[in-house]
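The exercises below each set a task and then work through it step by step. Keep the sequence and the coordinates open while reading.

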Amino acid sequence: MFEPVLETRNLCKSFGALTATDQVSIDLRPGEIHAVIGPNGAGKSTLIQQICGGLRPDNGQVMLLGKDVTSASTQARAKAGLARTFQISALAMEDSVLENALLGALGASGRPWRFWQRASAAVDLRDRAEAALDRVGLLDQGDKRCAELSHGQRRQLEVAVALTLAPRAFIMDEPMAGLGAAGSKQLTDLLDGLRGQAPILLVEHDMDAVFALADRITVLVSGKVIATGPVEDIRASGAVREAYLGEAA
Amino acid sequence: MIRESYLNWLILLGLLAVPIWALTADEPFTITLATRAAILALAAVGLNIALGIGGLVSFGHAMFFGIGGYVMGILAYHAQSFTPLDLGAFSIAGTKSMPIIWLVALILSGLAAWIVGLLSLRTGGVYFIMITLAFAQMFFYFSISWSTYGGEDGLSIYVRNGFPGLNTLDPIQFFGICFVLLCLVLFLNARLQGSPFGLALNAARQVPARVETVGLDPMRIKLLAFVISGAITGLAGALFADLNRFVSPTMFSWQMSGEFIVLIIIGGVGRLMGPVVGASLFVLLEHWLGGLTEFWHIYLGTILLLIVLFARGGLIGFLTGKEGAHV
C-alpha cells in the first residue's frame, strides 16, 4: 500500500445554505492521474481552492505528503510541493514568456530578495525556467510577451510555470479549457508524460482528455463524491451516467 | 520614434545641460529651478517604484516627503540654536551635516512606510488610496499643531546644511549633489526593475494569485517595495527642505501627494525616466506659465487630460511609441 501524495479527508464547505463540498475524501497516489469530473456547480472549483489554500474548509483535512496542511497558506503549500494551474490563465501578461517561467523558478528557489542581479542572468533561475519551457515546447517563444501568445500557448505556459516548481503534486484546473481539438490533443500528450514526474489531480470537462489520461476518476455531484474508481468502472457505472449526464443534459 | 534607452540618456543630459548653461550665462535662478526639478523628480522616482512597478497607488507620499523635510528642519534647527534635541530618555545634538540628515531621513521615512504599509496593504484599489491619504493627513495636522517647530508657520533654517568638501551655498554645487543622488537612485531603480525582486514585484501587481501559487508572499514583496519607495521620497524631502532652507506643513499636504502622482502620469507610469520628464516639465510650466497667470494649473490640467486621453504611456510612451512600460 503506498502512501498517497495528497489526500482530503471529509472536506466540508458551505456558503450559507449552499453546501459546495460535502464530506469529500479523495486521494492522489504516486504516478497517477486522478481526474475529478462533475457537472457545473458540482463543487470542483471549491474543492481545488480548499486543496490549494484559497479557501479554508469548514471541516475536514487536507494532507500533503502525510502532513496536515489544512491551515497552511497558499505559499506554504506551494513550498511544500503543490503546483497549481488555473482555469483562466493567471499569467503576467505584460511580461515575456521567459519572465513568467522565471517567476516560477524564483518561487522554487525561495530567495526573492535579490535586488542587484539581473533576473534573466541568474543562472539557477534561467536553467530551471528554460528546462520547463523546453518541456512544453515554448523555449523558442521565450522573448515573446505573454499577451501575444495564442490561447493554447498560454495553457502550455501555465503548465510550464507549474513545472518550474518541481512539485510533488500537480493540481490542474481545467487545463483544456477553451482549447480546440488539436490543442487539446497536444496538451493531453504533454500531461501524459508528466505523470512520471508527479501525480496530477485533474479537474476537466473534456471527456476525451479525461478518458485518455486518467487512471482513476472521481465523480462529484452537488458537492458529494458519488463514485470513485478506475476508468472502466466509472465508464460502466449506470448511476454515474445517469447522475452526471442526466444533470448535465 | 526613439529607443527608450537613448531617450533616457538624452533626458538626463538635458537636465544636466540647463544648469551648466545657466552657470555660463550667469543665471543662478535657473540653476535653482533645475535643482527643484531634480528633487521633485527624486521624490517621484520613489513613488514610481511603489506605483509604477508595484501598482500601489499611494496618495500619501507627501507623508514621507514631509518626514524627510522635518528631519532636516529639526536637526538643523537644534544645531543653529545650539539646543539639544530631547528624545525623552536621552538627548542628542542637532547637526548641519547633509549625509547624517539624509541617513536619518531615509531610516525614519522607511520606518514610517513600513508601519503604514503593514496597515494599508491589506486593502486595495480605492481603499488603499484613501488609507494612505488619511495617514498623510494625520502627519499634516500633527505638524500644524507642533508649535515647538513652528506649527503652521514652519521652520526656517538660516544657512544651508553642509557637505564635506563642497560649498553647498553655491547653487551649482548644490545642484550637483541633488543630480548625483538622483542618478544614483535612478541606477538603483533600473537594477531593481530587472532583478528577481523586481520580477516578483511586477508580477505581484499583475497577478497576485500567481505569485502566491509559486510560493512567494505578494504582501511582503509589496511591503518592501513600499518601504524602499517611502525612503527615497523621504530623502528627496530632506533635499527639498535644504533647497528652500525652510520646512512647513505644506510638505505633508495632499496637494503634494497629488503632485507626485501627476508628475509620474505626465512622464509615464512605471517608466524609469517618467518622473524626471514629469518633474522637469512641471517646473518649467510652473515658472513660465506661473509668470503669466496665477491660474497656470489650468494649463497643467489640460496637458494632464490630453496625456491621459491620448498618450497613456505618458510623454515617454508617446516619444518611444510604446504604451506599456514593460517591453
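**Exercise 1. Salt bridges**

How many salt bridges does a search of the whole structure find over all chains? Then examine the pair Lys13(A) and Asp58(A).

Solution. The model is a predicted one. Step 1: the search over all chains gives 17 salt bridges. Step 2: one salt bridge joins Lys13(A) to Asp58(A), with 3.6 Å between the closest N and O atoms. That separation is to be held against the cut-off, which is within 4 Å. Lys13(A) belongs to strand β1 (residues 6-15) of chain A, while Asp58(A) sits in the loop between α1 (44-52) and β5 (59-64) of chain A, so the pair ties together parts that are 45 residues apart in sequence.

**Exercise 2. The interface of chain B and chain A**

Solution. Step 1, extent: 28 residues of chain B are in contact with 33 residues of chain A. The size of an interface is often given as the accessible area lost when the parts come together. Here the buried area is about 2,900 Å², and carbon and sulfur atoms give 64% of it. On the chain B side, Pro196(B), Leu199(B) and Arg210(B) lose the most area to chain A, together 24% of what that side buries.

Between chain B and chain A, 12 residue pairs are in polar contact, both residues being at pLDDT 80 or more.

Step 3, elements: in chain B, α6 (171-194), α7 (196-206), α8 (208-213) and α9 (218-244) each supply at least two residues of the side that touches chain A. The largest share of that side, eight residues, comes from α7(B). By class, the side of chain B that touches chain A has 15 nonpolar, seven polar and six charged residues.

**Exercise 3. The second largest pocket**

Which element gives the most to the lining of the second largest pocket?

Solution. Step 1: the volume is about 510 Å³. Of the 21 lining residues, the closest to the centre of the pocket are Ile67(B), Val71(B), Ile74(B), Leu108(B) and Trp146(B). Step 2: α3 (62-80), α4 (98-120) and α5 (125-145) of chain B each supply at least two lining residues. The most comes from α4(B), with six residues. Step 3: the lining divides into 20 nonpolar residues, one polar and no charged.

**Exercise 4. The largest cavity**

Which residues line the largest cavity?

Solution. Step 1: the structure holds one cavity of 30 Å³ or more, and the space in the largest cavity is about 30 Å³. Step 2: its lining consists of Cys52(A), Thr74(A), Ala78(A), Leu82(A), Arg84(A) and Thr213(B). Step 3: α2 (74-79) and β7 (82-85) of chain A are the elements that give two or more residues to this lining. Step 4: sorted by class, the lining of the largest cavity has three nonpolar, two polar and one charged residues.

Notes:
Residues numbered from 1 in each chain as written. Chains lettered and ligands numbered in written order. Predicted model: local features only at pLDDT ≥ 70, side-chain atom pairs only at ≥ 80, totals over all residues. Heavy atoms only, no water. Contact = heavy atoms within 4.5 Å. Buried area = accessible area lost by both parts, 1.4 Å probe. Polar contact = N/O pair within 3.5 Å; in protein donor to acceptor, adjacent residues only side chain to side chain. Helix = DSSP H or I, 4+ residues; strand = E, 2+ residues; numbered from the N terminus. Nonpolar A, V, L, I, M, F, W, Y, C, P; charged D, E, K, R; others polar. 1 Å grid on protein atoms, 1.4 Å probe; cavity = no way out; pocket = protein on both sides within 12 Å on 5 of 7 lines; lining within 4 Å. Points joined across faces, edges and corners; volume = space filled by probe spheres on them. Salt bridge = Lys/Arg side-chain N within 4 Å of Asp/Glu carboxyl O.
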